[in-house]
Amino acid sequence: MAMEMQKPVPYPSPETQPFWDGCKRHELTLPYCPRCEAFFFYPRQFCPACFSWEIEWRQCSGKGRLHTFAIQFRAQMPGFTPPYVTAVVQLDEGPRMMTNLIGIDPMPENIHCDMPVEVAWEDVNDEITLPMFKPVG
Amino acid sequence: MTLKNKVAIVGADETDEIGIVPDMTPIMMHAQAARNALRDAGIDKSEVDGVFTCGIGGMASTQLSEYLGIIPKYTDSTMTGGSSFVIHVEHAAAAIAAGLCSVALITHGETGHSGRFRRGPRGMGGFFDSSMPAAQFEVPFGVGGAPSAYSMCAARHMHQYGTTSEHLAEIAVATRKWAQLNPRAFMREPLSIDDVLASRWVAYPFHIYDCCLVTDAGGAVVVVGADRAREMKKKPVWVLGSGEASTHQSILGMPDITQTPARYSGKAAFEMAGVTHKDIDVVEVYDSFTYTALVTIEELGFCAKGEAGPFLSNQRSAPGGDFPLNTNGGGLSYTHPGMYGMFILIEAVRQLRNECGERQVKDAKLALVNATGGMLSATGTLILGVD
């Protein structure tokens, strides 16, 4: 646990708090633009596509595909023990988010772009839960 | 109005030493490179009235002007990472063409290697500022340094376009061959594709030889208007075309993970210059990683999207090949202090002036320069030529 605490943790800002509140409930809650009829990420107070400031927060399925990944053989941040997998997941709802792929032996032969993945929650402390992803099935 | 032929680079040089230079701070390197570039141009420091720099604090050009004893009429601290100094050339061209200054000094200096051992506090970059997006949505997942981000871009490119580790290794090897012809290069030992493929992983899909050096170095260039340029003792290197663009800051913001803003800055530069890809004699691009060079070549339009792996195969970009690329030995083998763009620019000037000795590209009259900064975030392209 002491090692875990040394990892950098996010400090939610007013415009991102609903996302992190959702994570705490183990719900993947993303900003949604009714005018574009599309989710977007990372959270802003406005839609980065149409610049509408009338946005909503909606829950996502937590399912997606591994858009891309890399296996970090050097710790890029304190608290991380290599090798670990950094990953960009494309959610079924459209947006992409950065995460770690967990629940898999971090070797090239086990990981492929576009493999199906789903969210796996990691409770870091009382305030923060991180959305990790794991292979489906 | 176009900036074509409005200005020329008339001075270009580096610090006396590059590589491991433990007895210099970054700002000392700025000053020494400035002295050398002004001496190369034959212009006195007192004539400098435009100052362009970054990397020495948030008010970099103000800091440098104070340090050098210059009261500039035009001051520009534009910071786009490694592409800054190439983008500064476009800014200098615009300022000179608008009559806002007449002698522009662009400087760089970093101690990427030795700075790690320096005592005292060092500032953190904006990437880690807790109020910025990446601090919340990338850093907590162990994404930080360039290897962690560029590697993910490369992995998608490999998946989508069939780019292979061998394709990447071709670039490391060809670039090393250029370095072997350059006495100032940091890494000059022979390197084979098998060596690259057998080397340890830094961040899969990158082997250690896919990654640039971490060195100390500084450089500077001097830009003046057309009338002044024609009076210079050395052949002026004309800015025929220029462009700049940024598409994102951290990779989470990339519109397409396999693309870079070189597609925009390159198009603008070619349009301004009115030349085609086939006209270019020598190409100097940023190779923070082998992948950076590979994707930049296709984003600039030298081949179709996704085809740069095969395009650069069979040592096509090595000495003797028909696509001379990164002729100083690149960030991979020559030097890479952190923001390498300045050295791309200096090498292009040296090639066009026919100053490159063994590595000289024969009859080089037209060079393309493209520098990338950040996480493939911002690029500047220049097309340079000599009469």
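Mentor: Helices and strands are here DSSP runs, a helix having at least four residues and a strand at least two, and they are numbered from the N terminus. On that basis, chain B has 13 helices and eleven strands. The model is a predicted one, with an ipTM of 0.90 and a pTM of 0.93. For chain B the average pLDDT is 95, and 97% of the residues score at least 70.

Consider the overall form of chain B. Its radius of gyration is 19 Å, close to the 21 Å that the globule rule gives for 387 residues, so chain B is as compact as a globular protein of that length. The C-alpha trace of chain B spans about 50 × 50 × 40 Å along its principal axes. Of the 387 residues, 61% count as buried. Among the contacts of chain B between residues at least 6 apart in sequence, 77% join residues at least 24 apart.

Two places within chain B illustrate this packing. One is helix H2, residues 60-68, whose buried residues are B:Ala60, B:Ser61, B:Leu64 and B:Leu68. Seen down the axis of H2(B), these residues fall within an arc of 90 degrees, so they line one face of the helix. What do the buried residues of H2(B) pack against? Their partners in chain B are helix H1 (26-41), strand S2 (50-53), strand S3 (74-76) and strand S4 (103-111). After H2(B) comes B:Gly69, which has a positive phi, near 75 degrees.

The other place is B:Ala92, which lies in helix H3 of chain B, residues 84-97. A residue counts as buried if 20 or more other C-beta atoms lie within 10 Å of its own; B:Ala92 has 30 within that distance and is therefore buried. Leaving aside residues up to four places away in sequence, B:Ala92 touches B:Val7, B:Gly50, B:Phe52, B:Ala104, B:Ile106 and B:Val223. One of these, B:Ala104, is twelve residues from B:Ala92 in sequence, and the two are 6.2 Å apart in space, C-alpha to C-alpha.

Along the sequence they follow the pattern α-α-β-β-β-β-β-β-β-β. With 137 residues, a compact globule would have a radius of gyration near 14 Å, and the 15 Å of chain A agrees with this. The C-alpha trace of chain A spans about 40 × 35 × 25 Å along its principal axes. Of its 137 residues, 32% count as buried.

There remains the meeting of the two chains. The contact takes 26 residues from chain B and 31 residues from chain A. On the side of chain B that touches chain A, helix H4 (133-137), helix H5 (146-161) and strand S5 (201-204) of chain B each supply at least two residues. The largest share of that side, six residues, comes from H5(B). By class, the side of chain B that touches chain A has 15 nonpolar, nine polar and two charged residues. S5(B) also pairs across the contact: strand S4 of chain A, residues 63-72, and S5(B) run in the antiparallel sense, joined over two bridges. In this pairing, A:Ile71 has B:Tyr204 of S5(B) as its bridge partner.

Notes:
Residues numbered from 1 in each chain as written. Chains lettered and ligands numbered in written order. Predicted model: local features only at pLDDT ≥ 70, side-chain atom pairs only at ≥ 80, totals over all residues. Contact = placed C-beta atoms within 7 Å. Nonpolar A, V, L, I, M, F, W, Y, C, P; charged D, E, K, R; others polar. Pairing = 2+ DSSP bridges. pLDDT = per-residue confidence, 0-100. Buried ≥ 20, exposed ≤ 12 C-beta atoms within 10 Å, placed from the backbone. Arc of directions from axis to C-beta. Rg over C-alpha atoms; globule rule 2.2 N^0.38 Å.
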